[in-house]
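Hi,

Here is the structure I promised to pass along.

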Amino acid sequence: MTDEKEITCIICPISCKISVKLDGKNFEVTSGSKCIKGVEYARAEALDPKRMLTSSVLVNKGDWPLLSVKSSEPIPKNKLFHVLKEIKDAKIDAPVKLGQTVIKNVANTKINIIATKSIKRI
Amino acid sequence: MINLDIDVAVIGAGPAGLAAAISARENGSKDVLVIDRNSWLGGILPQCIHDGFGVEELGTSLTGPEYSEMYIENAQKLGIDFLAKTMVLELKKNLEIIAINNKGLYKINAKSIVLAMGCREKTRWNVMIPGDRPSGIYTAGVAQGFINLYNIMVGKNVVILGSGDVGLIVARRLKFEGANVLGVVEILPYAGGLPRNVVQCLDDYDIPLYLNHTVTYIKGRERLESVTISQVDENKNPVSGTDKEIKCDTLLLSLGLIPENELSKQIDIELDGLTGGPVVNQSFETTVSGIFACGNCLQVYDTVDILSIGAKHAGKYAAKYASGKNMISNCFVNVIAGKEVRYVIPQMISKPGKILFNLRVENPKNSAVLYIFSGDYEVFKKKLPWAYPSNMIEIEVNITEDIIKSDNDLEVTIDDR
């Protein structure tokens, strides 16, 4: 099955509109890219789009009510809201150290959720 | 009155103040003091929980809280002193600071001062949106603080006016927290924020971007009930018959930032009407000797990376000034923003050498040539593959003594290729 997509390149502010054709694992740029970096970006975006995810987790007995967190690596786009649901349901006790793992293997992605802030206990 | 004698005093403990203080300490100042009115250090960074900080400066992508903790730890290791929850009341030309906190009144005698007060968000009254005055209208940064620091949700159905990066990032954040983001409204024909943020904050979640549109009416008795948006013509005037009412309970304003310079005005530091910040020379020194400026109170930066790099220079020169290595020179050349250039920093140069210029273009261009002229003499020429108002341009140019001594201003211009 052939699928055609238009991808906005984010590598530089020119923001080329890159048209791509997808046929299973075959990928072809049909028009729009001004540079090789754009082609690489379009390939990743068409075949396996991923995003870094940042959000916050509720804290018990902390000097702040929320702990900011991030994913240990980019998450497949179609899993983002599954991951967010688990983050929303989580709660952590202070103290928390920056870099500490807050959720392991979040939403069965093999990706961890990590603290991006240190929180003191009060 | 508590008396303190120090080398370098820094006003503001945000990213600029932290970077300037660290750099002053590393460049030989023994007693460096940073003053901030907040109870925490790091300024706005702790509420910027998204990543992308440090890419240019450190080659790695950090979140705002991570970036700020790194700087705070560094500063504390170097023995830099902090006065948090402390308000600077008065700045004096003889480098004296009057400040207050719950321990009392302070008189701080410094050998040099770095201004790093940051900026403020434009409000509804900066753009005069007609209509009612209900609750539910916030600036985007205030909403971001409520959500990310205090766990307070601002609303359910949200319209955002202005497509700068803060507005875009808050749009995604609201979506993550379950709000319905009805659209981002932008008066210009192009988005204000980075393409990355347009794609990853709006397109990813099918949030509509209304270009060439603005909010023309706000309706609501107690809480916001709706906003009216209208298309605008090339002069940014609303086009009649294009009105569309959007039911919503929250309007966020992402209209741009204004450098905060209430203290600078107290002692008549000359401000540049184009940047909103102090006029500075190549050493980030203002028109009051011994007072330096950096960060968003100098100019509104695109990224914290470039801001920190600039602030480190300011801190270094403040340390030199404090040690008595004075750079006073009566001879200087003015730097003028010419055709198609919105502003340029520094606004004056008093010492020859490799000078770092920061500038912004007036209009987006897909190819351009940047020139610097001293009278008819072409000092510098560079081809640019693209030039956008939202991307600050940095160039390094060798400025000779002859140029500084000449009667001509230095003029920076942009031409089509």
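Twelve residues of domain 1 of chain B touch 17 residues of domain 3 of chain B, where contact means that the C-beta atoms, placed from the backbone, lie within 7 Å. On the domain 1 side, that surface has six nonpolar, four polar and two charged residues. (Ala, Val, Leu, Ile, Met, Phe, Trp, Tyr, Cys and Pro count as nonpolar, Asp, Glu, Lys and Arg as charged, and the others, Gly among them, as polar.) The C-alpha centres of these two domains of chain B are 26 Å apart.

Keep in mind that this is a predicted model: local features need pLDDT of at least 70, side-chain atom pairs count only at pLDDT 80 or more, and totals for chains, interfaces and linings use all residues. Residues are numbered from 1 along each chain as its sequence is written, while chains are lettered from A and ligands numbered from 1 in the order in which they are written.

For the bounds, chain B splits into domain 1 (1-121 + 258-328), domain 2 (123-255) and domain 3 (330-417), taken from an automatic or database domain assignment.

Now the chains: 21 residues of chain A meet 22 residues of chain B. On the chain B side, α3 (64-77), α5 (140-149) and α7 (195-202) each supply at least two residues; helices here are DSSP runs (H or I, at least four residues), and strands likewise (E, at least two), numbered from the N terminus. α7(B) gives the most, with four residues. By class, this side of chain B has ten nonpolar, seven polar and five charged residues.

Cheers

Conventions:
Two residues are in contact if their C-beta atoms, placed from the backbone, lie within 7 Å.
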